[in-house]
Amino acid sequence: MIPLVHQEVVKRHAWMTDEEFADVLAIANTLPGPIATKMPGYIGYRVAGLGGCIIAVSAVIVPMIVAMILLLSVFSHYRDVDWIRGMGQSVVPVVMVMLAQLTLDFWHKSRLALGWAVSLAMAVIAGVLIYGLGLHPGWVIGALLIAALLRPAQKASETRS
Amino acid sequence: MIYWELFLAFFIPNIIGYGGGPAIIPLIEAEVVGRYGWMSAQEFAETLALGNALPSPIATKMAGQVGFEVAGTGGALVAVLATVVPSLLLMLGALGLLYRHRDSPRVKRMSQWVRPVIALMMGWLTLGFFLEGVGGAGLLHTLVIGATAAIALLHFRAHPAIVVLGALVYGGLFLG
């Protein structure tokens, strides 16, 4: 989606330069939450203030939210029909595969950055805390984020501008 | 207060969901299915399947759909705002600060440290959906659909919408 936004914002409407666009993308990436709402929100705000921000974000998200709600409410309405229920059950294994793919993806990236031993240790400890002791995942991840932010950077990888 | 719960259920995953867009999926599941029990695992799977089949970010589609299911249009609005507004406000308000730190190793480390936890939660959720599939469609159908979906998605790089559609046809014909 980002190349398409770039096409519109930089090439077609010339609201910002290539360089500015790259900076905004880099900044958006330092924050959590979907990139596809942060970019339009920021660009909309810069071009036309608060109204521009609201319109740009709405244009990205509203059509598909409406589609989701309509499709799923029709689906839920006929849940008692046998073959409709069958259709519902059939997507569970598909979602399982999609999540398995994402699991491997996250594991792979984690292994590349931290090594498999550290990744495994962190995953196991987090698993025990979240699923064993019933701690809310927000506490575990929040603590990790704060630790990552506060721990001084190693000299070798210190490349702050 | 339902609106406050909806706000929290989407605010928390979106503010800690570092490490890539899909990282919020298991975090939202932990709130919506685990903590508040607004949806069954089956319903969550349906929402995810449709969410993956349609374009635009998964986080806002899930927020809109779950919010609407729980508390109507107002609920959808609250959940979507909780998803979009906090990080957008940070971006608009702290642009200079963020710009200076955009290449900081600390920011990179935040994503890196969260990923193993997300990988584990994602794996746990995968296992949950396997058990859900066995309980609903049965072991044989779960394996047939799962294997076909894996080949289509990984080997042939089929669009998720095609794979979901294929599963729906299979389910309508053989699981009714």
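Residues are numbered from 1 along each chain as its sequence is written, while chains are lettered from A and ligands numbered from 1 in the order in which they are written. In this predicted model, local features need a pLDDT of at least 70 and side-chain atom pairs count only at pLDDT 80 or more, whereas totals for chains, interfaces and linings use all residues.

Confidence comes first. pLDDT is the predictor's confidence in each residue, on a scale from 0 to 100. Chain A has an average pLDDT of 90. In chain A, 94% of the residues score at least 70. One stretch of chain A, residues 156-161, has a pLDDT below 50. Beyond near neighbours in sequence, this stretch has seven contacts in the model. Two residues are in contact if their C-beta atoms, placed from the backbone, lie within 7 Å. Where pLDDT is low, the predicted coordinates should not be read in detail. For chain B the mean pLDDT is 93, and 100% of its residues reach 70 or more. For the complex, the predictor gives an ipTM of 0.92 and a pTM of 0.91.

Chain B is described next. It contains eight helices and zero strands. Helices (H or I, at least four residues) and strands (E, at least two) are DSSP runs, numbered from the N terminus. Along the sequence, the pattern of chain B reads α-α-α-α-α-α-α-α. The C-alpha trace of chain B spans about 55 × 40 × 25 Å along its principal axes. Of the 176 residues in chain B, 56% are buried. A residue is buried if 20 or more other C-beta atoms lie within 10 Å of its own, exposed if 12 or fewer, and partly exposed in between, with C-beta atoms placed from the backbone. Among contacts in chain B between residues at least 6 apart in sequence, 56% join residues at least 24 apart.

Within chain B, helix H2 (residues 24-35) packs against H3(B). Their axes come within 11 Å and cross at roughly 145 degrees. Axes are lines fitted to C-alpha atoms, for helices over the stretch in contact, and angles run from 0 to 180 degrees between N-to-C directions. The crossing of H2(B) and H3(B) is right-handed. A crossing is left-handed if the near helix is turned anticlockwise from the far one by less than a right angle, and right-handed if clockwise. H2(B) contributes Ile25(B), Glu29(B), Val32(B) and Val33(B). H3(B) contributes Ala41(B), Phe44(B) and Leu48(B). By class, this contact has six nonpolar residues, no polar ones and one charged. Here Ala, Val, Leu, Ile, Met, Phe, Trp, Tyr, Cys and Pro count as nonpolar, Asp, Glu, Lys and Arg as charged, and the others, Gly among them, as polar.

In chain A, helix H1 (residues 2-12) meets H2(A). The two axes come within 11 Å and cross at roughly 140 degrees. H1(A) and H2(A) are therefore oblique to each other. Angles under 35 degrees count as roughly parallel, over 145 as roughly antiparallel, 65 to 115 as roughly perpendicular and the rest as oblique. The crossing of H1(A) and H2(A) is right-handed. Ile2(A), His6(A), Val9(A) and Val10(A) of H1(A) touch Asp18(A), Phe21(A) and Leu25(A) of H2(A). This contact of H1(A) with H2(A) has five nonpolar residues, one polar and one charged.

Two loop residues have a positive phi without being glycine. Ala14(A) has a phi of about 50 degrees and sits in the loop between H1 and H2 of chain A. Ala14(A) counts as exposed because it has 8 C-beta neighbours inside 10 Å. The phi of Ser56(B) is near 75 degrees. Ser56(B) lies in the loop between helix H3 (41-53) and helix H4 (58-93) of chain B. Ser56(B) is buried, with 21 other C-beta atoms within 10 Å.The contact between the chains takes 75 residues from chain A and 89 residues from chain B. On the side of chain A that touches chain B, H4(A) gives the most, with 26 residues. That side of chain A divides into 51 nonpolar, 18 polar and six charged residues. The axes of H4(A) and helix H8 (residues 160-174) of chain B come within 7 Å and cross at roughly 140 degrees. That makes H4(A) oblique to H8(B). Their crossing is right-handed. Residues of H4(A) in this contact include Trp83(A), Met87(A) and Met98(A). Those of H8(B) include Pro160(B), Leu168(B) and Tyr170(B). The contact of H4(A) with H8(B) has 11 nonpolar residues, five polar and no charged.
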